[in-house]
Amino acid sequence: MKEKRIALLTGATGGLGACLLQELNKERLDEIWAFGRNAARLEQLRTQYGEKLKPVCADLTEKDFPAHLRAMLEEERPNVVFLVNNAGAGLFKETADFTDEEIQNAVDLNCKAAPLIANCCLPYMQKGGSIINICSAAAFQPVPYINFYAACKAFLRSYSRAMNAELKPRRITVTAVCPGWIDTDFIIDELNGKKVKYPGLVKPAGVAKKALRDAKKGKDMSVYSGFMKMQHLLVKLLPQKLVMRIWMNGTKKYLPRQKNEP
């Protein structure tokens, strides 16, 4: 029986995930395993992409998810050509206002899920395989008011680049994708009565195209748009305390506790 060439994509049902799915569909693959929590949307994708798409409704933060994924892989024994860890979530508010559940969910989804899934898939990856982890430009420096999200993405960026070095002998690439603000449902138009501005806002299609292109080039990091490349350079040159101060000056108007303080 011919070995299946597959891609595994998490967070497949909308925004950047939908664009990543479009790009993966252009690759020489037998199946794309699309993971998400919205069963109805997954079925819509199955209708759109046909038999090539294998929808998997799952919560990546569930304790038994890694065992479930390992069982799927053991049954099929495919060649995992692409693993794209796209699922993630974040909240814009003060760190002290997070509930215990929100903290746990942030770590489980944004930190733990990608390494667990990667370790499930690595035994089924061959020379030329790619792991693409969707991080964020927030990983470049500490970011008050999206603290947990930024800190988790910093972890994922560091993990990805180190894994890329470890896996070089196997010719498997791990790429940390670090976009800025993306025009998806993830961002909000208004917060506490103020219209939110997003410097350097880009469309998700461009981020997805560059992510796959950079992964195939063997790059350990993918940064989309000239605006974000400039920001990446600046945060390496400027003191982090200054970068945080600039960020806080631009965001405090959206936070009721901070906007009226001197």
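Student: In which sense does α3 pass α4, left-handed or right-handed?

Tutor: In this predicted model, α3 passes α4 in a right-handed crossing. The term applies because the near helix is turned clockwise from the far one by less than a right angle.

Student: What makes α3 and α4 roughly parallel?

Tutor: The axes of α3 (residues 65-76) and α4 (residues 100-121) cross at roughly 25° and come within 9 Å. Angles under 35 degrees count as roughly parallel, so α3 is roughly parallel to α4.

Student: Which residues of α3 meet α4?

Tutor: On α3 they are F65, P66, L69, R70 and L73, and on α4 their partners are L116, I117, N119, C120 and C121. By class, the contact of α3 with α4 has 8 nonpolar, 1 polar and 1 charged residues. R70 is charged because Arg belongs to that class, and N119 is polar because Asn falls among the others.

Student: Why are α4 and α5 called roughly parallel to each other?

Tutor: Their axes are 9 Å apart and pack at an angle of about 15°. The cut-off is under 35 degrees, and α4 and α5 are therefore roughly parallel to each other. The crossing of α4 and α5 is right-handed.

Student: What is the make-up, by class, of the contact of α4 with α5?

Tutor: From α4 come I103, A106, V107, N110, C111, A114, P115 and A118, and from α5 come F148, Y149, C152, K153, F155, L156 and Y159. The classes are 13 nonpolar, 1 polar and 1 charged.

Student: How many cavities does the model have by the rule of 30 Å³ or more?

Tutor: The count is 1 cavity. About 60 Å³ of space lies in the largest cavity. What makes it a cavity is that a 1.4 Å probe fits but cannot get out.

Student: Which residues line the largest cavity?

Tutor: The lining consists of T10, L60, N85, N86, A87, L109, N110, A113, A114, K153 and L156. Two elements give two or more residues to this lining, α4 and α5 (147-166). The largest share, 4 residues, comes from α4.

Student: What classes make up the lining of the largest cavity?

Tutor: There are 6 nonpolar, 4 polar and 1 charged residues.

Methods. Residues are numbered from 1 along each chain as its sequence is written. This is a predicted model: local features need pLDDT of at least 70, side-chain atom pairs count only at pLDDT 80 or more; totals for chains, interfaces and linings use all residues. Side-chain values use heavy atoms; hydrogens and water are left out. Axes are lines fitted to C-alpha atoms, for helices over the stretch in contact, and angles run from 0 to 180 degrees between N-to-C directions. Angles under 35 degrees count as roughly parallel, over 145 as roughly antiparallel, 65 to 115 as roughly perpendicular and the rest as oblique. Contact means heavy atoms within 4.5 Å. On a 1 Å grid over the protein atoms alone, a cavity is a set of points where a 1.4 Å probe fits but cannot get out, and a pocket is an open set with protein on both sides within 12 Å along at least five of seven lines; lining residues have an atom within 4 Å of a point. Grid points are joined across faces, edges and corners, and a volume is the space filled by probe spheres set on the points.
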